[in-house]
Amino acid sequence: MEDYSLPKDSLFLGFDSSTQSLKATVLDSNLNTVASEQLQFDSELPHYKTKDGVYRDPSNNGRIVSPTRMWIEALDLMLQKLSKSLDLSKVAAVSGSGQQHGSVYWKKGSAAILSSLDPKKPLVDQLGDAFSTKESPVWMDSSTTAQCREIEKAVGGALELSKLTGSRGYERFTGPQIRKLFQTQPGVYDDTERISVVSSFMASLLIGAYACIDETDAAGMNLMDIRQRVWSKIVLEATAPSLEEKLGKLAPAHAVAGCIAPYFVERFHFNKNCLVVQWSGDNPNSLAGLTLSTSGDLAISLGTSDTVFGITDDPEPRLEGHVFPNPVDTKGYMIMLVYKNASLTREDVRNHCAEKSWDVFNKYLQQTPPLNGGKMGFYYKEHEILPPLPVGFHRYILENFEGETLDGVNEVEVKEFDPPSEVRALVEGQFLSMRGHAERFGLPSPPRRIIATGGASANQTILSCLASIYGCDIYTVQRPDSASLGAALRAAHGYLCSKKGSFVPISNMYKDKLEKTSLSCKLAVTAGDQQLVSKYAVMMKKRLEIENRLVEKLGRC
Ligand code: ADP
Ligand code: XUL
């Protein structure tokens, strides 16, 4: 039997460069977590003056960016933190996760700076001026509707773009963002020698050269042919001139990007043979960290964004949702829905209605009845992705609603709810939307089980509400940050593939011993009452009806 064990005493490091923080998880050769760290951008790098890790344009035009330099400084600081408690020379491989879609624009001549970093100086002092624009558009940006429509039109429509790239034109996707930069700041575009996404940007820092964009994260750009996994010439042409040379080559997620740069060997004592495995997007990394391997399982990440995802071998791209390659299976795909009004909107309602306390928020959820006496809310603190609706809160009371039928049920729009009902309307509304849209996309319904992750998955009361609405058991992993865990696991996987000289199925690494590793899932909440699940199905139908009407009246697309 072939030996797939990892070298004894070796460590595998995974980062997660997300919207609000940089996190790290370190696994040993038995895939157990030996260290984890977190660095919050707003509080630990206050000189950038970000709020939730980003800058929102005050004119409310949907432009949302982050300072590129902040991500660089965070990497140096995080490695300082880790090196205090860990012998980094034992790290055999590093990989990472980046918030999807965000982009970085390297100025002409920067490759040379990147390849000759002085280990005595901080990274940010040397790379601070290496960018043609200092602010990176991030996934929360919604300022490129015109560019999305132009690209869709050039390839024969929204559905055609989706069939080709896995998604219709989405404002946050990198292709429309690049087109906007080319149209509005042509000088900046011309002065750019390389465009990275957040994941390939961070990998570039670690190898001291431009890293490829991995195929999984590339599917979040509206630029890659999803079946062939190559840049799509027709979409490149519709986006901006000479784009292919600025994007570089694509690589599979399990490939090695390079060895760690001398800067990190000298400054933090990494071994010079330490491999840097391709970084990928945060949702693909979560898929790996949650070891999602059967199409009956659904994963729900409750982080800065809420995402719902599952796996399939035969995806059918649609107008709604996204198809990405599976980062740990060379043939498979992941399908995903994304919500922008997620943790930050829950925090907003918590702050206004529940004394800024999750305990009070939870108390309100517990003291209000399921179905909320027919009170239903739509809360968009930011322009929403799914459905595409502008900022605004909409509240309805469903009169005569018992949960059996919609016959005789009228909805009446109201201005406000009492605080406990507001909290329940928000949480029920978010989960009903997920259930409704996931069913439409053909994701399993009901799923065999849901694996929950992300910051809010630490909240048992929120998870109970999820179980009542979906009617299935909810599992969680040991720590709510599956993206950095998945990245550490992918570091080990990439290391093994490299040593074996070809792709190895990831399950070979943990076969039979999954339960003994930090990847094991545990049951958090058991399935809710099935009668209630049916009542929620009736409420969900009504919700989708109202949502369609709101989109017709207010939608941007
Ligand atoms: P990211 O997607 O940026 O990696 P995280 O997964 O770390 O974000 O999630 C961060 C969010 O988790 C915070 O904005 C916070 O609202 C939420 N969160 C943390 N603890 C709780 C809790 N007990 N209940 C609900 N939400 C929580
Ligand atoms: C995915 C998306 C978000 C970000 C959050 O399409 O936009 O989930 O990846 O970091």
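## Two ligands, one predicted fold

By class, the shell around ligand 1 holds 3 nonpolar, 9 polar and 3 charged residues. In that tally, Ala, Val, Leu, Ile, Met, Phe, Trp, Tyr, Cys and Pro count as nonpolar, Asp, Glu, Lys and Arg as charged, and the others, Gly among them, as polar. Before going further, keep in mind that this is a predicted model, where local features need pLDDT of at least 70, side-chain atom pairs count only at pLDDT 80 or more, and totals for chains, interfaces and linings use all residues. Residues are numbered from 1 along each chain as its sequence is written, chains are lettered from A and ligands numbered from 1 in the order in which they are written, and side-chain values use heavy atoms, with hydrogens and water left out.

Let's stay with ligand 1. There are 15 residues around ligand 1, and Lys23, Thr304, Glu347, Gly455 and Asn459 come nearest (a residue is near a molecule if one of its heavy atoms lies within 4 Å of it). Some side chains make polar contacts, meaning pairs of N or O atoms within 3.5 Å. Glu347 has a polar side-chain atom 2.5 Å from an oxygen atom of ligand 1, Lys23 has one at 2.7 Å from a ligand oxygen, and for Ser18 the distance is 3.2 Å. On its own, ligand 1 would expose 590 Å², of which the protein buries 78%; these accessible areas come from the Shrake-Rupley method with a 1.4 Å probe.

Now for ligand 2. Its surroundings include Gln99, Gln100, Trp139, Asn283 and Met336, and the shell divides into 3 nonpolar, 6 polar and 2 charged residues. His101 puts a polar side-chain atom 2.5 Å from an oxygen atom of ligand 2, while an N or O atom in the side chain of Arg172 is 2.8 Å from a ligand oxygen. For Asp282, the polar side-chain atom lies 2.4 Å from an oxygen atom of ligand 2. Taken alone, ligand 2 exposes 290 Å², and the protein buries 98% of that. Two elements give two or more residues to this shell, α14 (282-289) and β20 (333-339); helices (H or I, at least four residues) and strands (E, at least two) are DSSP runs, numbered from the N terminus.

What does the UniProt record say? An unreviewed entry lists "domain: Carbohydrate kinase FGGY N-terminal" at residues 138-287, a stretch that is 49% helix and 15% strand. The unreviewed entry's "domain: Carbohydrate kinase FGGY C-terminal" covers residues 298-494, where the chain is 34% helix and 26% strand. Such annotations may be inferred rather than shown by experiment.

Most residues other than glycine have a negative phi, and most peptide bonds are trans. Leu386 to Pro387 is a cis peptide bond, with omega near -5°, and Pro387 is in the loop between β21 (375-380) and β22 (392-399). Ser445 and Pro446 are also joined by a cis bond, omega about -10°. Arg229, not a glycine, has a positive phi of about 60°, in the loop between β11 (224-225) and β12 (230-231).

Conventions
Polar contact = N/O pair within 3.5 Å; in protein donor to acceptor, adjacent residues only side chain to side chain.
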